[in-house]
Amino acid sequence: MLNILEVVQMKTMYIDAEHTVIIIDGMPLDELLQKLYPDQLLRGLIPMIVDWMDSKEAKLVVERFYSDDSPSILPVLMCPDDCDLSCTIIVAEVIRSNDKIIWNRIGYDNSECNQNTGMIDIGTKVKWFDKVNCMIFDRETYYTSLESIYTLHIK
């Protein structure tokens, strides 16, 4: 059974302006995670809106989204305060097939800064959420829905 993935414009807990929000089976992803982990302060996290990020970090996130690697670790939610990779980051382990994209598991990224690159090594140290089920999406819907988040709009 496929999960229903949508990206909508709406206001959220900490941002008064409308912005993109990932909806899974009718529920914002941050709220779904908060419901499963009420003690983790996950409500209010926002998608990795790359237009709001530093260009070097945004490039890393976009490359992960379009990567053909399978599995790969994709940042999906971030803290709205700093909009960067140094704060709270929620990642998904992504498995790609011909017609489906699977978020095999979701977790809290605890990766540290790589001293050689100065960048956070996203996905090298993850605390996986055991209460989150695997999510399976139609490949075409996945990419067309999430491109509004993972595409840099050069101004």
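**Notebook: a predicted chain of 155 residues**

I began with burial: 48% of the 155 residues of the protein chain count as buried. Buried here means under 20% relative accessible area, exposed means over 50%, and partly exposed lies in between, with a 1.4 Å probe and protein chains only. The model is predicted, so I noted its limits: local features need pLDDT of at least 70, side-chain atom pairs count only at pLDDT 80 or more, and totals for chains, interfaces and linings use all residues. Residues are numbered from 1 along each chain as its sequence is written, and side-chain values use heavy atoms, with hydrogens and water left out.

**Overall layout**

I looked up the surface and found that the protein chain exposes about 8300 Å², of which carbon and sulfur atoms supply 49%. The areas come from the Shrake-Rupley method with a 1.4 Å probe.

I found 3 helices and 9 strands. Their order from the N terminus is β-β-β-α-β-α-β-β-β-β-β-α. Helices (H or I, at least four residues) and strands (E, at least two) are DSSP runs, numbered from the N terminus.

I also checked contacts, meaning heavy atoms within 4.5 Å. Among those between residues at least 6 apart in sequence, 56% join residues at least 24 apart.

**Core**

I listed the largest nonpolar core, which has 43 residues. Such a core is a set of buried Ala, Val, Leu, Ile, Met, Phe, Trp, Tyr and Cys residues joined through side-chain atoms within 4.5 Å. Leu29, Leu33, Trp103, Ile106 and Tyr142 have the most contacts inside it. The elements that give two or more residues to this core include β2, α1 (29–36), β7 (100–109) and α3.

I then took tryptophan 103 by itself. Leaving out residues up to four places away in sequence, I found that tryptophan 103 touches Ile24, Leu29, Val76, Ala92, Glu93, Val94, Cys134, Met135, Phe137, Tyr142 and Leu146.

**Helices α2 and α3**

I looked at how helix α2 (residues 55–66) and helix α3 (residues 139–150) pack: the angle is about 175° and the axes are 11 Å apart. The angle makes α2 roughly antiparallel to α3, a term for angles over 145 degrees. Axes are lines fitted to C-alpha atoms, for helices over the stretch in contact, and angles run from 0 to 180 degrees between N-to-C directions.

On the α2 side I noted Val61, Val62, Phe65 and Tyr66, which meet Tyr142, Tyr143, Leu146, Glu147 and Tyr150 in α3.

**Single residues**

I checked threonine 20 in strand β2 (residues 15–24); at 8% relative accessibility, threonine 20 counts as buried. Beyond four places in sequence, threonine 20 touches Val7, Val8, Gln9, Pro47, Ile49, Ser148 and Ile149.

Glutamate 57 lies in helix α2 and, at 13% relative accessibility, counts as buried. I found glutamate 57 and serine 86 to be 29 residues apart in sequence and 10.0 Å apart in space, C-alpha to C-alpha.

**Backbone**

I found a cis peptide bond between serine 70 and proline 71, with omega about 0°. Proline 71 is in the loop between α2 and β5.

I noted a positive phi of about 50° at aspartate 25, which is not a glycine. Aspartate 25 sits in the loop between β2 and β3 (27–28) and counts as partly exposed at 44% relative accessibility.

Leucine 41, also not a glycine, has a positive phi of about 55°. Leucine 41 is in the loop between α1 and β4 (46–47), and its 72% relative accessibility counts as exposed.

Notes: Angles under 35 degrees count as roughly parallel, over 145 as roughly antiparallel, 65 to 115 as roughly perpendicular and the rest as oblique.
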